[in-house]
Amino acid sequence: MSTATATYTVTGMTCGHCVSAVTEEVTQITGVTAVDVDLPTGRVTVTSDAPLDDALVKDAVEEAGYELKP
């Protein structure tokens, strides 16, 4: 089984609740198998069954109340 990994930078996260909110929303994207959030850097690494549409990740991050850095 092949997997794809992509790393994004999210702005506005300041605490563990922020990490949980982003993780919860991104995990709901079809095909996502793992989400790893590094709070100090804002880096979010997403592992999925196939490459993801960046727009889906952006929408999920915004749904959580944060912004995907371009």
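Four acidic residues, Asp53, Asp54, Asp59 and Glu63, come together on the surface as a patch of negative charge. Keep in mind that you're looking at a predicted model. Let's start with that patch, then step back to the whole chain and finish with a leucine.

**The negative patch**
- Take Asp54, one of the residues in the patch of negative charge: you'll find Asp54 in helix 2, which runs over residues 54–63.
- Is Asp54 buried, partly exposed or exposed? Its relative accessibility is 47%, so Asp54 counts as partly exposed, since that label covers the range between 20% and 50%.

**The whole chain**
- If you tally up the secondary structure, you get 2 helices and 4 strands.
- Walk along the sequence and these elements turn up in the pattern β-α-β-β-α-β.
- The chain is as compact as a globular protein of its length, because its radius of gyration is 11 Å, close to the 11 Å that the globule rule gives for 70 residues.
- Picture a box along the principal axes: the C-alpha atoms fill roughly 35 × 20 × 20 Å.
- How many of the 70 residues count as buried? The share is 34%.

**A look at Leu68**
- Leu68 sits in strand 4, which spans residues 67–68.
- With a relative accessibility of 15%, Leu68 counts as buried, because the cut-off for that label is under 20%.

Methods. Residues numbered from 1 in each chain as written. Predicted model: local features only at pLDDT ≥ 70, side-chain atom pairs only at ≥ 80, totals over all residues. Heavy atoms only, no water. Patch = residues over 30% accessible without salt bridge, like charges linked within 9 Å, V, L, I, M, F, W, Y side chains within 5 Å. Areas by Shrake-Rupley, 256 points an atom, 1.4 Å probe, with all protein chains shown as cover. Salt bridge = Lys/Arg side-chain N within 4 Å of Asp/Glu carboxyl O. Lys, Arg positive; Asp, Glu negative; His and termini not counted. Charge placed at Lys NZ, Arg CZ, Asp CG, Glu CD. Buried < 20%, exposed > 50% of the residue type's maximum accessible area, 1.4 Å probe, protein only. Rg over C-alpha atoms; globule rule 2.2 N^0.38 Å.
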